[in-house]
Amino acid sequence: MNTLVKLEIKRTLRNKKFMFFTVLYPSALYLLIAGGAKTSETIGDTHLSLPVLFMVSMASFGALTAVLMGNSERIAKEREKGWVRQLRLTSLPGRGYVAAKIASAAVVTLPSIIVVFLVAVMVKGVRLDAAWQWIALTVAIWAGSIVFAALGVAIGYLATGDAVRPITMIIYFGLSVLGGLWMPTATFPQWLQNIADWMPTHAYAGLGQAIELGNAPHTKDIALLAVYLVLFAGAAAWLYRKDTRKA
Amino acid sequence: MTTSAIELTGDGRHGTGAPVVSFGNVNKSYGSVHAVRELDFQLFPGETVALLGPNGAGKSSTLDLLLGLRNADSGTVEVFGTSPQQAIVRGKVGAMLQSGGLMEDVTVREIVRLACDLHPRAYPAEQVMETAGITEIADRMVNKLSGGQEQRVRFALATAGPNELIVLDEPTTGMDVTVRQAFWGAMREQAQAGRTVLFATHYLEEADAIADRVIVLHRGRVLADGSAAEIKAKAGARRIVFDLEGHIDERTLRGLPCLAAVEVSGRTVRIQSHDADATVHALYGLGLYPRNLEVAGLGLEQAFIAITDAATAEEGGDR
């Protein structure tokens, strides 16, 4: 099983185009969105400026994009090509496959998060109060992305062929917007805010926002993400073993 | 004898030891398509068995059921006395699928090592590559291989450990003649080591040359089960071709004795018969005067066509 995890990581790193795009895309988006915002403007009742807020949002959004899109499409493709059928003829347990896919996704997200931070510091002059916040932000956003990597695996198993991309897109935009990764949920009407509160993306963004403000992440956010992780990874492993359709 | 005699369904032959594979009245449908119907057969240790049938006969479905990639709607599938999944987890089954894709962006050596790592009783990876004849291409990327090379890599994956049952779905597709011969050579070694080999094919000469037992599938049913020679013999071993002048009454022709199949195209009549002498004698007895009369033996290919055509004709209303 370890060989599979190592091999999945290795071949992700070999895929230069994929690496290049997913690592640089969040930073490009960050510059586009936060480009005109001034560091002096603060939002609502916080002392956070737009460039800081967007830095965390885009790092989270970028990580989410990489793992969700990357995993679902690659898995759907592997199923179509029959590699997953071949793997199912080995003694590999379902969790082994899911673990390997999540591990290879995590390899891509770490550099993409760090590049967004570097761009924010160098181009937008973003500063945080304490050094631990940088480390905590990196770890929280990285760890949180695992939840969506598992969701990506599950989607790759539910959808096939041409349906994968639109389905992933809908889930991806829905989750991003509802979770407040693009705009603060405070601007939503109340009923939508109530829904947003339970979104995994909202909890994910919440991790980073709490750290930005110098606080520890909320227990509710962590618990919610843990529940979603178990749910998504469980569904992915079950679908891997269950997949009796033409793969 | 009438056409019904062709539907020979042999029971398990060479029955030595506990069956390796046992299908008990297995049914499988996809929507309205009945892929496999009342499939009932057993494979025994050391047999080399060809699963023969036209496209859509249910060969791939049968192999999928055998490997636990799909579940039967009804009936039982047992491999080494357990479920297919359990037999696979125990490392008793190796399979080479027609549609079995390979992992991309990895080298041949890496994918073989992976297969060995996942097998509970694996051989060393270098040895597996040697046996499959892929040592020279070990450092090549898997997605840059030719069709035949890919097939050999799949063969390596299917033989990563001492599997007691080897399942091959159209294994020689994309191989040229030399590679094909080398492949069957390697396969014979497996069989001589006492392993059970089951392969699906539409190359009849392959079934004829390699298998010691042929199971003919048609529309999800076992039509015939026996040695290639037996199938040829029972399918209507002779082929009679002649031309007729004037009006051809197909119904009269169908009344001839010992027929397996009758086909009329224009002036030409083609008949398959179990006893060509009796058929030809009766032909003259009808007062007909056949011209350009030819009587020849059937290859397995014609035998196969005869069997499946007869079954199709009988099932007429079932289409």
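This is a walk through a predicted model, from one of its chains to the contact between two chains and then to two single residues. Local features are described only where pLDDT is at least 70, and side-chain atom pairs only at pLDDT 80 or more, while totals for chains, interfaces and linings use all residues; side-chain values use heavy atoms, with hydrogens and water left out. Residues are numbered from 1 along each chain as its sequence is written, and chains are lettered from A in the order in which they are written.

Let us start with chain B. It holds 11 helices and 13 strands, where helices (H or I, at least four residues) and strands (E, at least two) are DSSP runs numbered from the N terminus. Of the 319 residues in chain B, 52% are buried, meaning under 20% relative accessible area with a 1.4 Å probe and protein chains only; exposed is over 50%, and partly exposed lies in between. Contacts (heavy atoms within 4.5 Å) with a separation of 6 or more in chain B come to 70% from residues 24 or more positions apart.

Next comes the place where the chains meet. Chain A brings 26 residues to the contact and chain B brings 27. Together they bury about 2500 Å², with 54% of it on carbon and sulfur atoms; this is the accessible area (1.4 Å probe) that two parts lose on being put together, summed over both. On the side of chain A, Trp83(A), Arg85(A) and Leu89(A) lose the most area to chain B, together 26% of what that side buries.

Charges also meet here. The interface has 5 salt bridges, each a side-chain nitrogen of Lys or Arg within 4 Å of a carboxyl oxygen of Asp or Glu. One of them joins Arg85(A) to Asp64(B), with the closest N and O atoms 2.7 Å apart. In chain A, helix H1 (2-14), H3 and helix H4 (83-87) each give two or more residues to the side that touches chain B, and H1(A) gives the most, with 8 residues.

Now look at Arg74(A), in helix H3 (residues 50-81) of chain A. Arg74(A) is buried yet has no salt bridge, as the nearest side chain of opposite charge, Asp105(B), is 4.6 Å away. Leaving aside residues up to four places away in sequence, Arg74(A) touches Arg11(A), Thr12(A) and Phe18(A).

Finally, find Ile114(A) in helix H5 (residues 94-124) of chain A. Ile114(A) counts as partly exposed because its relative accessibility is 36%. Its C-alpha atom is separated by 9.6 Å from that of Trp134(A), 20 residues apart along the chain.

Definitions and conventions:
Lys and Arg count as positive and Asp and Glu as negative; His and the chain ends are not counted.
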